[in-house]
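Try each task yourself before you read its solution.

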Amino acid sequence: MKAVGKVLCATGVIVGLLAFFWKDAFDPESLSGARVLLTGASAGIGEQMAYHYASFGAEIVLTARREAVLQKRKRGIQCLSYNFCEILCHFPESKQIYSQSFLKDFRLSARGLDYLVLNHIGMTPFQMWDGDVEHTRWLMQVNFFSYVALATAALPTLEENKGSLIVVSSLTGKIPTPFTTSYSATKFALDGFFGSLRHELVMQKKNIFITLCILGLVDTDMALEKTRGKVYLAASPAAEAALAIIRGGATRVQEAFYPWWLEYVCHFRDWFPSHRDQVLRSYYNYSSP
Ligand SMILES: NC(=O)c1ccc[n+]([C@@H]2O[C@H](COP(=O)([O-])OP(=O)(O)OC[C@H]3O[C@@H](n4cnc5c(N)ncnc54)[C@H](OP(=O)(O)O)[C@@H]3O)[C@@H](O)[C@H]2O)c1
Ligand SMILES: *[C@@H]1O[C@H](CO)[C@@H](O)[C@H](O)[C@H]1NC(C)=O
């Protein structure tokens with residue numbers, strides 16, 4: 001009995017210490033000089049990530065479609081740090097992204113890469129399914145296939161540099177929610193693809209880490225505009241969401257959650273599914289015509 005007590009006590013102390021140090025595992029210093037390629041960096045959470053990475057001293061390549069906006073972000077970042085900051089314009093919906101030259105053109109193989117942060121998304125309506133199958137196909141290209149193509153092109157340099165792949169997803173990529181049919185599908189696809197790839201990297205003893213980020217509603221202009229009057233949920237600040245993603249990638253967690261309690265929502269998602277869905281729907285405003 002005494003021995004059991006001692007073991008329990010020791011386990012308690014170890015767990016306590018782990019919990020204590022776990023919280024502070026993130027060392028911003030580790031990002032100083034890190035080479036980061038960040039997609040969807042012109043607005044929203046991507047823009048905030050760019051500022052954080054820059055203030056931690058990382059070297060960043062920003063990508064999005066709108067060059068003028070990216071130039072503006074670049075100027076903002078150069079006021080924050082003297083680090084390398086470049087921009088690269090791309091159109092995931094075009095064939096360009098599938099040619100590995102997208103990354104090679106940029107001499108990434110020469111510069112090397114520590115973090116590939118896949119964050120961009122195509123515009124999608126927040127509404128009932130309207131039967132637009134072509135839109136779903138297009139959104140799959142932008143939100144899913146381009147992630148697969150970019151990750152594939154970056155794997156060799158990530159392996160060489162023991163780098164990380166950060167994939168930005170959403171709660172609706174773990175638990176389906178209303179008004180997000182196609183979007184939810186693209187995020188579930190990311191979980192499947194990158195979850196399987198993660199296994200294979202471990203099996204091949206390749207030193208590349210994959211972090212999937214599960215975010216709740218965040219107060220980006222786009223998200224607020226689309227959900228206004230349709231959801232009764234408070235949006236969390238984009239700068240905090242951006243930091244949670246960066247922290248998750250830097251501390252090499254498999255899944256990063258923001259806000260933190262989403263981890264428990266996902267953990268218990270299959271316990272009472274019909275009750276869960278009823279509660280979920282109560283947060284959505286649907287006034288039938
Ligand atoms: N905001 C939320 O509530 C929320 C919740 C859960 C998860 N997330 C996830 O967080 C990530 C960032 O979301 P966000 O809210 O910050 O998005 P956002 O504000 O709409 O920004 C999207 C970014 O993607 C780029 N983009 C738009 N259309 C594109 C296209 N067709 N091809 C390539 N790039 C395109 C945009 O720049 P250009 O227009 O210049 O190309 C912009 O930089 C996404 O993965 C999203 O799914 C967001
Ligand atoms: C719910 O949506 C209807 C229109 O679809 C709108 O008139 C109403 O104001 C919304 N309710 C809330 C509480 O936002």
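**Exercise 1. Work out how much accessible surface the protein has and what share belongs to carbon and sulfur atoms.**

Step 1: The accessible surface comes to about 15700 Å², with areas taken from the Shrake-Rupley method using a 1.4 Å probe, and for residues only the protein chains shown count as cover. Step 2: Carbon and sulfur atoms own 60% of that surface. Step 3: Before going on, note that this is a predicted model, where local features need pLDDT of at least 70, side-chain atom pairs count only at pLDDT 80 or more, and totals for chains, interfaces and linings use all residues. Residues are numbered from 1 along each chain as its sequence is written, chains are lettered from A and ligands numbered from 1 in the order in which they are written, and side-chain values use heavy atoms, leaving out hydrogens and water.

**Exercise 2. Sketch the overall make-up of the protein: its helices, its strands and its buried residues.**

Step 1: Step 2: Of the 289 residues, 45% are buried (buried means under 20% relative accessible area, exposed over 50%, partly exposed in between, with a 1.4 Å probe and protein chains only). Step 3: Look at contacts (heavy atoms within 4.5 Å) between residues at least 6 apart in sequence: 71% of them join residues at least 24 apart.

**Exercise 3. Describe the surroundings of ligand 1.**

Step 1: The shell holds 31 residues, and the closest are Ser 42, Ile 45, Arg 65, Arg 66 and Tyr 183; a residue is near a molecule or strand if one of its heavy atoms lies within 4 Å of it. Step 2: Sort the shell by class and you get 16 nonpolar, eleven polar and four charged residues. Here Ala, Val, Leu, Ile, Met, Phe, Trp, Tyr, Cys and Pro count as nonpolar, Asp, Glu, Lys and Arg as charged, and the others, Gly among them, as polar. Step 3: Helix 2, helix 6, strand 5, helix 7 and helix 8 each bring at least two residues to this shell. Step 4: Now zoom in on the oxygen atoms of ligand 1. One is 2.7 Å from a side-chain N or O atom of Ser 42, a backbone N or O atom of Ile 45 lies 2.7 Å from an oxygen atom of the ligand, and a polar backbone atom of Asn 119 is 2.8 Å from an oxygen atom. Step 5: On its own, ligand 1 has 880 Å² of accessible area, and the protein covers 94% of it.

**Exercise 4. Trace helix 7 and find what its buried residues pack against.**

Step 1: Helix 7 has 23 residues and reaches 34 Å from its first C-alpha to its last, close to the expected 33 Å; the expected span is 1.5 Å times one less than the number of residues. Step 2: Its buried residues include Tyr 183, Lys 187, Phe 194 and Arg 198. Step 3: The buried residues pack against strand 4, helix 6, strand 5 and strand 6. Step 4: After the helix comes Lys 205, with a positive phi near 55°.

**Exercise 5. Is Lys 174 buried or exposed, and what does its side chain touch?**

Step 1: Find Lys 174 in the loop between strand 5 and helix 7. Step 2: Lys 174 counts as buried because its relative accessibility is 10%. Step 3: Its side chain makes a polar contact with the side chain of Asp 191 at 2.9 Å, and another of 2.7 Å joins it to the side chain of Glu 255. A polar contact is a pair of N or O atoms within 3.5 Å; within protein, one must be able to donate a hydrogen and the other to accept it, and residues adjacent in sequence count only if both atoms are side-chain atoms.

**Exercise 6. Which residues does a cis peptide bond join?**

Step 1: The bond joins Tyr 258 and Pro 259, with omega about -10°. Step 2: Pro 259 lies in the loop between strand 7 and helix 10.

Notes
Helices (H or I, at least four residues) and strands (E, at least two) are DSSP runs, numbered from the N terminus.
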